[in-house]
Amino acid sequence: MAQVGSLCAEMETLNHVLSLVEAFRAFDVDNDGRITKAELGGIFGSLGYNASEQEVSAMMQEGDKNKDGLLSIHEFLEMNTRDLEGGSLASTLSTAFEALDEDGNEILSGEDLHGVMQNLGLDLSLENCLHLVASLDADGDGAVSLDEFRLIVDSLL
């Protein structure tokens with residue numbers, strides 16, 4: 001089991017990533033997993049950052065690694081999580097899953113997450129825990145398996 005401070009930091013990172021994913025998805029109008037420069041400006045506006053057209057163009061050029069004029073979710077997350085403490089986003093998320101999987105069954109439900117948070121004395125509501133898990137639940141079974149989690153992590157590598 002991870003230390004409380006470490007787990008708190010990992011949960012904060014996970015919340016940040018989920019906020020970025022939700023913002024990205026909200027502006028990915030055609031749901032193709034890529035956004036345009038105009039959509040990128042909208043994302044930053046929704047996150048409370050009013051970027052100029054020049055700033056958005058510079059961000060787009062910086063993040064668009066394959067130079068196709070679009071940002072993939074992977075490029076967007078990479079661009080916005082570069083400065084994470086403790087290493088890469090994939091490493092941080094993998095460590096978080098392992099720490100939260102108390103019984104080692106490689107499945108994490110919202111209820112499991114809530115139980116861990118309560119045991120650690122952290123104030124994260126059951127509703128928030130269910131929402132976090134639902135955001136990562138690819139097959140809709142109400143829980144995140146290690147395999148689903150690995151797919152998410154692999155997409156960030």
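1. Arginine 34 forms a salt bridge with aspartate 32, and their closest N and O atoms are 3.6 Å apart. The term requires a side-chain nitrogen of Lys or Arg within 4 Å of a carboxyl oxygen of Asp or Glu. A search of the whole structure finds one salt bridge. Side chains of opposite charge can pair when their charged atoms come close.

2. Some ground rules. This is a predicted model: local features need pLDDT of at least 70, side-chain atom pairs count only at pLDDT 80 or more, and totals for chains, interfaces and linings use all residues. Residues are numbered from 1 along each chain as its sequence is written, and side-chain values use heavy atoms, with hydrogens and water left out.

3. How buried or exposed is the bridge? Arginine 34 counts as partly exposed because its relative accessibility is 37%. Aspartate 32 is also partly exposed, with a relative accessible area of 32%. The cut-offs: buried is under 20% relative accessible area, exposed is over 50%, and partly exposed lies in between (1.4 Å probe, protein chains only).

4. Aspartate 28 sits in the loop between helix 1 (4-27) and strand 1 (34-35). Helices (H or I, at least four residues) and strands (E, at least two) are DSSP runs, numbered from the N terminus. Aspartate 28 has 5% relative accessibility, so it counts as buried. A polar atom of its side chain lies 3.2 Å from the backbone nitrogen of aspartate 32. Leaving out residues up to four places away in sequence, aspartate 28 touches Gly33, Arg34, Ile35 and Glu39; contact here means heavy atoms within 4.5 Å.

5. The UniProt annotation "domain: EF-hand", from an unreviewed entry, covers residues 15-50, 51-86, 88-123 and 124-157. UniProt positions are given in the numbering used here, feature names are shortened, and annotations may be inferred rather than shown by experiment. Over residues 15-50 the chain is 64% helix and 6% strand. The end C-alpha atoms of that stretch are 22 Å apart.

6. Helix 2 spans residues 37-46, and Glu39, Leu40, Ile43 and Phe44 are buried in it. Seen down the axis of helix 2, its buried residues fall within an arc of 140 degrees, so they line one face of the helix. The arc is that of the directions from the helix axis to the C-beta atoms. An α-helix has 3.6 residues a turn, so residues three or four places apart point the same way. Just after helix 2, glycine 48 takes a positive phi of about 90 degrees.

7. Which residues are buried in helix 6? In helix 6 (residues 110-119), they are Gly110, Leu113, Val116 and Met117. They cover an arc of only 125 degrees around the axis, which puts them on the same side of helix 6.

8. Aromatic pairs next. Rings of Phe, Tyr and Trp (its six-membered ring) pair if their centres lie within 6.5 Å; planes under 30 degrees apart count as stacked, over 60 as edge-to-face and the rest as tilted. The count comes to three aromatic pairs. Phenylalanine 24 and phenylalanine 76 have ring centres 5.5 Å apart and planes at 45 degrees, so the pair is tilted. The pair links distant parts of the chain, with phenylalanine 24 in helix 1 and phenylalanine 76 in helix 4 (residues 73-80), 52 residues apart. Both are buried.

9. Phenylalanine 44 and tyrosine 49 form an edge-to-face pair, 6.1 Å centre to centre, with 75 degrees between the planes. Phenylalanine 44 counts as buried at 8% relative accessibility. Tyrosine 49 counts as partly exposed at 39%. Ring pairs link Phe24, Phe44, Tyr49 and Phe76 into a cluster.

Methods. A polar contact is a pair of N or O atoms within 3.5 Å; within protein, one must be able to donate a hydrogen and the other to accept it, and residues adjacent in sequence count only if both atoms are side-chain atoms.
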